[in-house]
Amino acid sequence: QVQLVESGGGLVQAGGSLRPSCAVSGSIFGLIAMGWYRLVPGKQRELVATITSGASTNYADSVKGRFTISRDNAKNTVYLQMSSLKPEDTAVYYCHAQLSSWSSPIKDYWGQGTQVTVSS
């Protein structure tokens, strides 16, 4: 069974920083890409940032210059360094992984979500 376990969300004042992480465990064969998405009630899920196995990154325009995604391939872990946080960054952040396992071809997996709240 593949599991994504997130940690590191929380409450922070505007201008502050957080660094959530997401660890992937299980019978992983190939970890292709990882990323973070966020969801605000009443809005569509938004891509925040992605990173491939080759370390190519992609960011939403709204977070460019403020957020940095990185990964530790040895630990199958992805991080999201969030700086200069704004109240509009408040959302539930979901970790995503695209991978193949020993029992399954390439599939998308999601974490349980971690709440990030930025107060003004």
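**Aromatic pairs, a disulfide and a nonpolar core**

In this predicted model, the count of aromatic pairs comes to two. One of them brings F29 and W102 together: the ring centres lie 4.6 Å apart and the planes meet at 75°, so the arrangement is edge-to-face. This pair links distant parts of the chain, with F29 in strand β4 and W102 in the loop between β9 and β10, 73 residues apart. F29 counts as exposed, at 56% relative accessibility, and W102 is likewise exposed, at 63%.

Y37 and W110 also form an edge-to-face pair, with 5.1 Å from centre to centre and 65° between the planes. Here strand β4 provides Y37 and strand β10 provides W110, again 73 residues apart. Y37 is buried at 17% relative accessibility, whereas W110, at 34%, is partly exposed. Y37 has a charged neighbour as well: the charged end of R45 sits over its ring, 5.6 Å from the centre.

Turning to the cysteines, a search of the whole structure finds one disulfide. This bond joins C22 to C95, with an S to S distance of 2.1 Å. The torsion about the S-S bond is about -85°, so the disulfide is left-handed. C22 belongs to strand β3 and C95 to strand β9, so the pair ties together parts that are 73 residues apart in sequence. Both cysteines are buried.

Finally, the largest nonpolar core contains 30 residues, and W36, L80 and Y93 have the most contacts inside it. Strand β9 gives the largest share of this core, five residues. Beyond its sequence neighbours, L80 touches residues including W36, V48, F67, I69 and Y93. R19, also touched by L80, lies over the face of Y79, at 4.2 Å from the ring centre.

Terms used:
Residues are numbered from 1 along each chain as its sequence is written. This is a predicted model: local features need pLDDT of at least 70, side-chain atom pairs count only at pLDDT 80 or more; totals for chains, interfaces and linings use all residues. Side-chain values use heavy atoms; hydrogens and water are left out. A disulfide is a pair of cysteine sulfur atoms within 2.5 Å. Helices (H or I, at least four residues) and strands (E, at least two) are DSSP runs, numbered from the N terminus. Buried means under 20% relative accessible area, exposed over 50%, partly exposed in between (1.4 Å probe, protein chains only). A nonpolar core is a set of buried Ala, Val, Leu, Ile, Met, Phe, Trp, Tyr and Cys residues joined through side-chain atoms within 4.5 Å. Contact means heavy atoms within 4.5 Å. Rings of Phe, Tyr and Trp (its six-membered ring) pair if their centres lie within 6.5 Å; planes under 30 degrees apart count as stacked, over 60 as edge-to-face and the rest as tilted. A charge sits over a ring if NZ of Lys or CZ of Arg is within 6 Å of the ring centre and within 35 degrees of the ring normal. Lists of a residue's contacts leave out its neighbours within four places in sequence.
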